[in-house]
Amino acid sequence: MANLKEIRNRISSVSSTMKITSAMKMVSAAKLKKAQDQMTNIKPYSVGLSNMIQNLLPNIDLSEVKLTSSVANSKKKTLIVAITSNRGLCGAFNANIFKKAKEFSDDCEVFCIGKKGAEIFTRNNYNVIKEEFDLLDNIKESSSTALSKEIISNFEKGEWSKVIIIYNKFKNAGTQIIESKQVLPIILNNKDEIKSTSTSDYIFEPDTTTIINHLMPKEVKTNIFEAILNSIASEHGARMTAMHKATDNANELKQDLTLTYNRQRQAAITNEILEIVAGAEALKGS
């Protein structure tokens with residue numbers, strides 16, 4: 001059994017850890033609000049852009065729409081854009097992304113956004129073609145635009161037949177949903193369904209095909225940017241929850257150690273008293 005000094009050291013260590021986890025929880029809670037605002041602000045634009053594209057479809061020949069089908073001479077590979085985090089201590093946030101990626105075929109390449117994801121995929125011998133770390137620390141629309149242009153350019157060259165993003169979709173601070181979304185080729189709604197719901201008649205300038213081909217890259221960029229914002233908000237929520245549980249566990253451990261310390265201290269005092277009394281009785285007997 002540990003002596004009193006060792007128990008005191010453990011109590012001190014657990015107290016220090018509890019202060020760290022509590023501080024990290026508060027930092028994540030503060031960052032979560034900003035991340036939620038960014039995510040909420042882009043939602044109307046994303047929905048409006050998607051509706052605009054779907055409303056244009058009944059007026060055009062789908063064979064003339066770019067980015068809706070793979071290039072004929074593509075390599076039949078799948079690109080997985082895995083969005084994780086640069087830092088740990090956020091529970092199963094990063095591990096869940098890897099588990100989801102394992103569901104896809106082995107013939108795939110991985111574009112890792114986040115340091116932790118790059119480490120996991122590299123350690124498991126996946127073909128990681130590119131890593132992006134700075135984007136998560138300083139998220140900008142311009143950075144997302146450059147990233148999406150690179151992906152679209154390589155897709156049009158036939159490097160991949162399909163591009164899928166895997167990320168944690170934010171539901172609330174305690175819940176993140178693992179989402180896999182195909183961004184290329186773009187999946188369009190059934191044309192007959194669109195005709196049945198579309199009643200407006202517009203005159204377009206320039207022609208509708210030119211407009212929708214201009215909007216398609218924006219759709220890809222918006223999907224990627226929205227996924228990154230969701231992942232950042234989910235990361236802060238996951239870390240806040242993990243640190244809250246860690247703080248509770250540390251507090252419980254501290255209480256158990258304090259109870260053990262008090263019991264051993266009381267036992268030591270009792271033994272000392274018994275020795276003193278026994279010594280006094282021995283002196284009396286002599």
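Start with the largest pocket of this predicted model by selecting Ser-46, Lys-181, Glu-219, Asn-223 and Glu-226, which lie nearest the pocket's centre among the 24 residues that line it. The space in this pocket comes to about 470 Å³. If you then colour helix H1 (4-56), strand E4 (162-172), strand E5 (175-184) and helix H7 (208-285), you will have marked the elements that each give two or more residues to the lining of the largest pocket. Colouring that lining by class instead brings out 11 nonpolar, seven polar and six charged residues.

Next, move to the second largest pocket, whose volume is about 300 Å³. At least two lining residues come from each of H1, helix H4 (134-137) and H7, and H1 gives the most, with four residues. By class, the lining of the second largest pocket holds four nonpolar, four polar and five charged residues.

Now turn to the largest nonpolar core, which has 43 residues, and select Val-81, Ile-113, Ile-151, Val-163, Leu-184, Ile-212 and Ile-228, the members that touch the most others. Two or more residues of this core come from each of H1, strand E1 (78-83), strand E2 (108-113), H4, helix H5 (141-156), E4, E5 and H7, with H7 giving the most, 12 residues. Stay for a moment on Ile-113 and show its surroundings: beyond the neighbours within four places in sequence, Ile-113 is in contact with residues including Val-81, Ile-83, Leu-135, Leu-147 and Ile-228. Another core, of 13 residues, lies apart from the largest one, and Ala-82, Ala-101, Ala-118 and Ile-166 are among its members.

Finish with the aromatic rings, of which the whole structure has three pairs. Select Phe-98 and Phe-121 and look at the two rings, whose centres are 5.4 Å apart and whose planes stand at 70°, so the pair is edge-to-face. Phe-98 belongs to helix H2 (residues 93-101) and Phe-121 to helix H3 (residues 115-123), so this pair ties together parts that are 23 residues apart in sequence. Phe-98 counts as buried at 11% relative accessibility, and Phe-121 is also buried, at 1%.

Tyr-126, at 23% relative accessibility, counts as partly exposed. Show the three residues together, and you will see Phe-98, Phe-121 and Tyr-126 linked by ring pairs into a cluster.

Methods: Residues numbered from 1 in each chain as written. Predicted model: local features only at pLDDT ≥ 70, side-chain atom pairs only at ≥ 80, totals over all residues. Heavy atoms only, no water. 1 Å grid on protein atoms, 1.4 Å probe; cavity = no way out; pocket = protein on both sides within 12 Å on 5 of 7 lines; lining within 4 Å. Points joined across faces, edges and corners; volume = space filled by probe spheres on them. Nonpolar A, V, L, I, M, F, W, Y, C, P; charged D, E, K, R; others polar. Core = buried A, V, L, I, M, F, W, Y, C linked by side-chain atoms within 4.5 Å. Buried < 20%, exposed > 50% of the residue type's maximum accessible area, 1.4 Å probe, protein only. Contact = heavy atoms within 4.5 Å. Phe/Tyr/Trp six-rings, centres within 6.5 Å; stacked < 30°, edge-to-face > 60°.
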